[in-house]
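These are my notes on one chain, taken with the sequence and the coordinates open side by side.

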Amino acid sequence: MSAEQGKPLRLVFAEFAPYQYEQDGRPAGIGVKAVQRVLERDLGFSLELRMVPNYGRALAEVSSGGADGFFLASQNLERDKVAVFSEPLMVNRWSWFFNVDAFLEPNSAQFLATARVATLLHTNTHRWLNEQGYRHIMPVMKSSLLPRLLDQERIDAVFLAEVVFAQEAAATGFEVEDFTQVVAMAKPFGIYISNHYLEENKGFMTTLNEAIKRDKRLLSQ
């Protein structure tokens with residue numbers, strides 16, 4: 001690994017509480033803490049962290065050279081073109097959420113064709129819904145809107161990371177138990193480091209991945 005001496009690693013992150021957000025103008029969240037623990041504490045890197053509005057902007061920053069990487073994210077082919085996905089730091093469970101009195105089957109042809117499904121703009125859940133052919137997707141800029149939209153029946157379902165919806169539900173006066181949850185899949189959540197940065201810093205990805213593995217072993221003890 002040959003990172004330039006004294007030069008901080010520039011990482012951006014999309015607002016995605018409780019994983020990552022800003023509190024009193026400073027990066028916060030369980031994802032931010034995990035990244036800081038591995039890169040700052042374990043590897044001794046200086047980090048320059050900056051929040052951006054969404055994952056589309058995070059990818060654009062890395063593509064243009066405005067950042068060396070972004071986190072926490074799940075993997076997709078578009079991101080793989082410009083950056084390399086790390087060893088996962090944690091698992092992100094994608095789930096469907098419905099009102100408790102709704103009896104819906106998200107894999108049915110009728111649901112795919114008619115259901116009003118909301119998710120967070122420019123996330124992998126948004127991308128996945130488009131790829132699967134859901135006809136009435138309602139992406140929102142703020143995940144905090146989703147529990148209220150569902151409770152008011154302005155949408156039929158939410159498709160989102162489990163912990164994100166649970167936090168937003170609690171923050172708006174609901175409990176996650178107020179809704180029906182169906183876990184769809186579990187997605188590894190990691191750090192993307194740009195191809196350009198890795199070309200200039202040979203061996204960085206191996207060092208990072210080994211540090212993440214050690215961190216997860218210690219946490220599991």
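How many nonpolar, polar and charged residues does the lining of the largest cavity have, by class? I read off seven nonpolar, five polar and one charged. I note for the record that the model is predicted.

Entry on the cavities. I searched the whole structure and found three cavities of 30 Å³ or more. The largest cavity holds about 90 Å³ of space. Its lining comprises 13 residues, and those closest to the centre are Phe-16, Ser-74, Asn-92, Thr-123 and Asn-124. I then looked up which elements give two or more residues to this lining, and they are strand S7 (90-99), helix H5 (124-132) and strand S10 (157-161).

Entry on Ser-74. I placed Ser-74 in the loop between strand S5 (69-73) and helix H3 (77-80). Is Ser-74 buried or exposed? Its relative accessible area is 4%, and Ser-74 is therefore buried, the cut-off for that class being under 20%. The side chains of Ser-74 and Asn-124 are joined by a polar contact of 2.7 Å. Leaving aside residues up to four places away in sequence, I listed the residues that Ser-74 touches; among them are Arg-79, Phe-85, Trp-94, Asn-124 and Lys-187. Pro-188, Phe-189 and Tyr-192 are also touched by Ser-74.

Entry on the second largest cavity. I recorded a volume of about 40 Å³. Ala-14, Glu-15, Pro-53, Asn-54, Tyr-55, Leu-120, Leu-121, Thr-123, Val-140 and Met-141 line this cavity. By class I noted seven nonpolar, two polar and one charged.

Entry on the second largest pocket. The space in this pocket is about 160 Å³. I divided the pocket lining into six nonpolar, two polar and three charged residues.

Entry on the whole chain. I counted nine helices and eleven strands. The radius of gyration is 18 Å, close to the 17 Å that the globule rule gives for 221 residues, so the chain is as compact as a globular protein of that length. Along the principal axes, the C-alpha atoms fill a box of roughly 60 × 35 × 35 Å. I found that 45% of the 221 residues count as buried. Among contacts with a separation of 6 or more, 70% come from residues 24 or more positions apart.

Conventions: Residues numbered from 1 in each chain as written. Predicted model: local features only at pLDDT ≥ 70, side-chain atom pairs only at ≥ 80, totals over all residues. Heavy atoms only, no water. 1 Å grid on protein atoms, 1.4 Å probe; cavity = no way out; pocket = protein on both sides within 12 Å on 5 of 7 lines; lining within 4 Å. Points joined across faces, edges and corners; volume = space filled by probe spheres on them. Nonpolar A, V, L, I, M, F, W, Y, C, P; charged D, E, K, R; others polar. Helix = DSSP H or I, 4+ residues; strand = E, 2+ residues; numbered from the N terminus. Buried < 20%, exposed > 50% of the residue type's maximum accessible area, 1.4 Å probe, protein only. Polar contact = N/O pair within 3.5 Å; in protein donor to acceptor, adjacent residues only side chain to side chain. Contact = heavy atoms within 4.5 Å. Rg over C-alpha atoms; globule rule 2.2 N^0.38 Å.
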